[in-house]
Amino acid sequence: MSIKFLSKISFAFVTVALTASPVFAENVIRWASQGDALTSDPHAANESPTHSASRKVYDVLYYNDKDMKMTPWLATGHKLVNAKTWEFSLRKGVKFHDGSNFTADDVKFSIERALSPTSDLKGDISSIQEVKVINSHTVQIITKEPNPIMRNQLTNVFMMSKAWSEKHKVTQPQDRAGKQETYAVRHAMGTGPFKLELREPDVKTILVKNNNWWGLKTYPHQVDKIIYTPIANQATRVAALLSGELDFILDPPLQDLDRIKNTAGLHLEQTAQVRTIFLGMNQGVKELLTSNVKGKNPLSDQRVRQAMYQAINVEAIKKKVMRGYAVPAGLITPPAVHGYTEALNKRRPYDVSAAKKLLTEAGYPSGFSIQLDCPNNRYINDEGICQAVVGMLGKIGIKVNLSAIPKTLHFPKIKNRETDFYMLGWGVSSLDSHYVFNYLVKGADKGWNGTGFADADIDATILEIGKEVDFPKRDKMIAKVWQKLRDNVNYLPIHHQVIVWAMSDKLDIPIVADDGVRFIYTKFKK
Amino acid sequence: MIAYIIQRAFQALAVMIVVSLVSFMLFNFVGDPVDNMVGQEATYEERVAMRDNLGLNDPFLVQFARFVGNAVKGEFGISYRIQRPVADLIAERMPATLELVIASAFLSVLLGIPMGVYTGIRPNSWLSRSILVGSLVGVTLPTFVIGILLIYIFSVGLGVLPSFGRGEAVQLGWWSTGFLTVTGWKAIIMPSVTLALFQMTIILRLVRSEMLEVMRTDYIKFARARGLPNQIINFGHAFKNTLVPVITIVGLNLGSLIAFSIITETVFQWPGMGFLFIQAVGFADIPVMAAYLVMVAVVFVSINLFVDILYFVVDPRLRADKTVAAGN
C-alpha cells in the first residue's frame, strides 16, 4: 500500500467531512508565520509583526490600505488650521468592542499614551506638542514645528479606549524593568474589525469577527474566525501548509517556493517589500579599522566607492542567491516610498574593467583589504548575499574578510561606529523619503548613518524637508538629496526585498508591501 | 548519613552558583537586547536610557548580585521579548516539556529494554542483527532530520498526525495537560518518538552488552546445570543483574531530556521550555535565559544528589569505605 494510495483515502475522508459540514460553515483562516507579535499592547513595540497584529483589533486615524495608500479611517477629514495645527474630524457612530462610543477623548488619551516614556512609538510622533479636544468628534494636534507628514506618522498610532485603559490600569505601556505584567500585554479591546478571543503568546491567538465594526459596509469581508500559530521552523511551517493544517503562511522559505507552486490547491502571491538591502561604507574616518591601508581611508575616495558599486553584479545575486525573488536597486529606498523615481533607481552598469580602472586611478591598482560585517539572521539570505559580494569584490583586487554574526551583535556595531563596511536593510514606515534621509543621510556621531557622511548643505535641506508644507517645493528638495546621494555613492544598493505569501486556493488575500496581513480584503472562493 | 547528605547539598549549592555565574558571563556575548526592544526610530539617547532603566549599564558583578538577590526571592524579572514575568512563563511551559519527556522516557524504556534483552540472549539471530542495524539510525541521524522525516511521512504524506503544536490542552489547576484529549494524544506521538529514539538506542545497547556479560558468568552456568527453565534464567537471574546501570543511565538521561528537548520542541513547535529558551537566545532575552539555565542546573543538581543518595543507600561498600577513610 503506497503513501499515495493512503493519502488518496485520507483525502476522500476529508472531502466527505467537508461536504457533510453544515451549509453555514464558518469561514476560518488558519495561518502561521515565523514569530508571534511581541505584545498585544499596541504602543509597546514598534515592530511590524506587532503592528500587524494590533491592526486587526485596533483602528488608526489614517490607515495604509492594501496598496499602501493612506486612507482616512477613524479620522474622516483634516484641515490645516495653521502651519503647526492640524484639525481632524472623527468618524461618528464608531463603537469599541465593549459597546462604548469612540470619541475625541480616546484620541487624546491614545496619542498621549503613545508619547509616554515606556511607549516605543514616541520617536515616530515626537513632533507632537499637544492634543486638544475641540468637541466630541473633533481634535486638534499641535506640532512643535510645521509637520507635512503628520497624517502618515499617525498610521501606526492605534486608538485605545480611555475608560478601558483606566479600568485595567494600563494608561501606560509595560515597563520592562518592572515586576508585574500589565493587563494590556495579553488583552486587547479596540474598535477594529476583529475581537481578540484568545491570546497565548508564542502558542495560539484566536480572533473573531466584530459584527459591529463601522467599516463592514465598505469592506464587507467574510472572515468569521482567524487562528494564528507561530511556527518557528521553516520546514515545519511549509509541511503544515502542504498537509492542509494551515490555509496561509506569511513567510515561506525561498527554497520551497517551487514546491508550493507545484502543489495543487496552493498558490503564491509576491510583491516588492518596503525594505531595501544595501551596504554602507565608512567614508568619514581618517583610517579604517580593518584595512591594510594605513594613514588614509580608501573609502573616502568617491572613485573607490564607485568601483565597488560597479564590481557588484546584482543580477547574479538576484538569480543565484535570491532565486529570482528580488528587485535590483539603484536607490536605497523602494518604489512605495514618496520621492522614489525610476530614473533614480537605474543602476550604474556592472563593469569589472571600468571598476578596475577607477581603482587604479584612485591609487589602489592592487586593491586593499577590508572587513565586511553582515547579519546572519535578519534579512532574507543576508549571509549569502555578503558571501557573493566578497567574491565579486575579489575580482577587482579588494580582499574582503566576511564577518557574519547575529543581528543582536551586528546592529550595535553600526550604531557605535565599530565597522568599516556593513550590510543594512531599511524599511520605511512613514513611506516618505524624509524618514530615510533623517536616519541614513544626515550626519551623526551615533545611530544608523554609519557612513560618516556629513554635508552641511544636505543636512540643512533635510531639516527643511521635515518642515516644508509646500509639496512641489518639498519634492524638489527630496530629489536634490537623492541625486547627491547617487553621485556621491554613500551606499552600495543591492536590492529591494521581495516578499512571498503562500496560501490555499480557497482563499485570496492580497499581499501588502509592508508584509502585514490585511484580512479585511480576504475573498473566499467557493 | 545525614552528614553525607548535608555535604552533598552544599556541593550542589556551590555548583548552582558557579553555573549561574558562568551563564551570566556568557550573556555578554549574545548582544544587545535593547536593539530588539525598541524600533529602529529610537534615538541613541532613548537606547541609553532604556539600558539604564534595565540596569544593563551596571558593572557585571552588580548585575549578577542583583540577579542572585532577586532569584533567591523567586523573582526573575520580566521577559524583554514578550513582556511577561519569567516565572509565569516557565511555569506555563513546564507541563508541556515534562509531558513530552515523560512520554518519550516511557517509550524508550518500554521499547529499549525488551529489544536489549532479546539481542543479548540471541546475539546471532537475524532479528537481533536487524534491530542493531536499525538502532544505528537512532544514534546517527540528527533529531531535526528525524522530526522532519516523520512530519513529511505522517503529516504531509498520510495526513494522519498534526505537524505542529500540542493539540487541545486541558487545564487542571495550574497544570495544562494534553493527555485528556484525542488531539493531544495525536500531537504527542511524533515529538515523543523523535525525542525517544536516541535514548532508546542507548538503553538497548546498554542492556544488550550487560546481558552478554552476565550470560557468560558462572552463576548462569550453574543455573543451567541445575536445569532451570530458560525463562527463569533469562529474566530471574540475568536481567535483574543488568538493571543497576540501566536505572542510573535512565535517571541521568531524564535530566538531559528535560534540558535538551530544545530541538524537538523547535521542530514541532511544541510550546515547552526549550522552545522558550531558543527564542530567548535569538532575542538576547536575558531574564528568560538566566532563569532557564538556573532551572536546568537545579534539575541536574537535584537528580545527581538523588542518585548519590541512592548509591549510599544501595551500596554498603560506600558506607564502609567512608568510615575507613575517616579513620574510625
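Start with chain A selected and coloured by secondary structure: it comes to 16 helices and 19 strands, where helices (H or I, at least four residues) and strands (E, at least two) are DSSP runs numbered from the N terminus. This is a predicted model, in which local features need pLDDT of at least 70 and side-chain atom pairs count only at pLDDT 80 or more, while totals for chains, interfaces and linings use all residues. Residues are numbered from 1 along each chain as its sequence is written, and chains are lettered from A and ligands numbered from 1 in the order in which they are written.

Keep the whole of chain A in view. Its C-alpha trace spans about 75 × 75 × 45 Å along the principal axes. Among the contacts in chain A with a separation of 6 or more, 70% join residues 24 or more positions apart, a contact being two residues whose C-beta atoms, placed from the backbone, lie within 7 Å.

Next, select residues 42-49 + 56-177 of chain A as domain 1 and 272-499 as domain 2, bounds that come from an automatic or database domain assignment. The C-alpha centres of these two domains of chain A lie 34 Å apart, and nine residues of domain 1 are in contact with ten residues of domain 2. The domain 1 side of that contact has five nonpolar, three polar and one charged residues, counting Ala, Val, Leu, Ile, Met, Phe, Trp, Tyr, Cys and Pro as nonpolar, Asp, Glu, Lys and Arg as charged, and the others, Gly among them, as polar.

Two backbone positions come next. Most residues other than glycine have a negative phi. A:Arg323, in the loop between α9 (314-321) and β13 (326-328) of chain A, has a positive phi of about 50 degrees, and it is partly exposed, with 14 other C-beta atoms within 10 Å. A:Val489 also has a positive phi, near 50 degrees; this residue sits in the loop between α16 (471-488) and β17 (491-504) of chain A and is buried, with 22 other C-beta atoms within 10 Å.

Now show both chains. Their contact takes 44 residues from chain A and 46 residues from chain B. On the chain A side, α1 (3-20), α6 (234-242) and α13 (407-415) each supply at least two residues, and by class that side has 19 nonpolar, 15 polar and ten charged residues.

Finally, colour chain B by pLDDT, the predictor's confidence in each residue, from 0 to 100. The mean for chain B is 82, and 95% of its residues reach 70 or more, but pLDDT stays under 50 over residues 324-328 of chain B. The model as a whole scores ipTM 0.80 and pTM 0.83.

Technical notes. A residue is buried if 20 or more other C-beta atoms lie within 10 Å of its own, exposed if 12 or fewer, and partly exposed in between; C-beta atoms are placed from the backbone.
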